[in-house]
Amino acid sequence: MSDEKIKKMLDAMKVVSQDSLFVSGFITLCKEYEARTKGLVYSVRDEVTGPLIDALHDADTVLRKELSDGTVIEFLYRTKIARDFLMSIPDVPDHVWEPQTTKLLLKLSEQARNVIIGGAYFGDHAVLVGKNIRTHGGICHAFEPNSAQCEMLRRNIEINALENVLAHAEGLWSEDNRYLELVGDDSYAGAQEKTSGELGIQTVSVDAFCKRESMAKLDLLMLDIEGGELRVLQGAKGVLAQPSGLAPNIVFEIHRHYVDWDAGLDNTEIFKYLSSFGYEMYAVRDFNSNVDMRGRPVELIPSAEVYLEGPPHGFNVLAVKDPTSLHGPFFSICHGVSPKLIWHKDPSLHHPLS
């Protein structure tokens, strides 16, 4: 296709994108096409239908979608998170992103009084956790240094009337009163310390924040900050050193772009660090998408038994001091499989087992 034809096509997409009924109908047609092409060996969403939907939206488009429990989420169309949420099946899903991680966070926060989420983005997890803990007086502290996404986070807190979710524009880090800059695009942006120039995002450590808030016990710590997870945990020594029952459960992302796991997960610096405090780690099997997983247990893989082959990728990890808390039908312990759930990959490695 010539450059002229491509330009005309993109101009036409901009015109029809102004018609919300057309956009809604086109999304439905794309999902119907996906349903008819399940036998293909590649991801139709990523390579065919997704780019078509992308062409109908720009980065400043603000969209609104309601979840099955009545939660309303507004979001900018800037990443795969937005696209897959918009294209959810069913149309009214029970989560925004990462279905199994969402269920895990809700389970871990059932009785929580204090929760910290680092990398809260527009509130895809924080809003649901906050709603989950509101009835028993729980507080969710949501940290998001990306100014545009922090604004959306605050908007979602407001429209869902969640006075118990507090948005913080600070950056969680190993030390207080340092300054960070975000390097990378939107949800893929990682934090780096600024060594000179204008002041950036001010930092606070988990320990200092808990002291500042007179927080006697932190129940749950969730981190998704593009490679800065270890730095944040290094600033949480006080809470991590608490005994089982007082120390927080932790959910964090680990990614091959930032962590060398050639010698196995247990030999990475972040796993050895958490092990020194008595934590045991499990990879969380999940989709990096919006996928209906209602009725399925959360599948966990002991850290020494995770299948790690494949292109550079990341996944979430659960760290607990009391593995007996994982007993029962809510969890399923798996062995020798990948934490990456991907429908178009080898079912024995990448499909749910339960």
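A cavity is taken here as a set of grid points where a 1.4 Å probe fits but cannot get out. In this predicted model, a search of the whole structure returns 1 such cavity of 30 Å³ or more, and the volume of the largest cavity is about 60 Å³. Its lining is formed by E98, T101, E253, V284, D286, F287, N288, G314, F315, N316, P339 and K340, which by class divide into 4 nonpolar, 4 polar and 4 charged residues. Strand β14, spanning residues 314–320, supplies the largest share of this lining, with 3 residues.

Burial was examined next for helix α6. Of the 8 residues in this helix (residues 126–133), 6 are buried, so α6 is largely enclosed by the rest of the structure.

With regard to the cysteines, the search of the whole structure identifies 0 disulfides. C140 accordingly takes part in none, the nearest cysteine sulfur, that of C150, being 13 Å away, whereas a disulfide would require two cysteine sulfur atoms within 2.5 Å. C140 has a relative accessibility of 0% and therefore counts as buried. C334 is likewise buried, because its relative accessible area of 4% falls under the 20% limit.

Terms used
Residues are numbered from 1 along each chain as its sequence is written. This is a predicted model: local features need pLDDT of at least 70, side-chain atom pairs count only at pLDDT 80 or more; totals for chains, interfaces and linings use all residues. Side-chain values use heavy atoms; hydrogens and water are left out. Buried means under 20% relative accessible area, exposed over 50%, partly exposed in between (1.4 Å probe, protein chains only). Helices (H or I, at least four residues) and strands (E, at least two) are DSSP runs, numbered from the N terminus. On a 1 Å grid over the protein atoms alone, a cavity is a set of points where a 1.4 Å probe fits but cannot get out, and a pocket is an open set with protein on both sides within 12 Å along at least five of seven lines; lining residues have an atom within 4 Å of a point. Grid points are joined across faces, edges and corners, and a volume is the space filled by probe spheres set on the points. Ala, Val, Leu, Ile, Met, Phe, Trp, Tyr, Cys and Pro count as nonpolar, Asp, Glu, Lys and Arg as charged, and the others, Gly among them, as polar.
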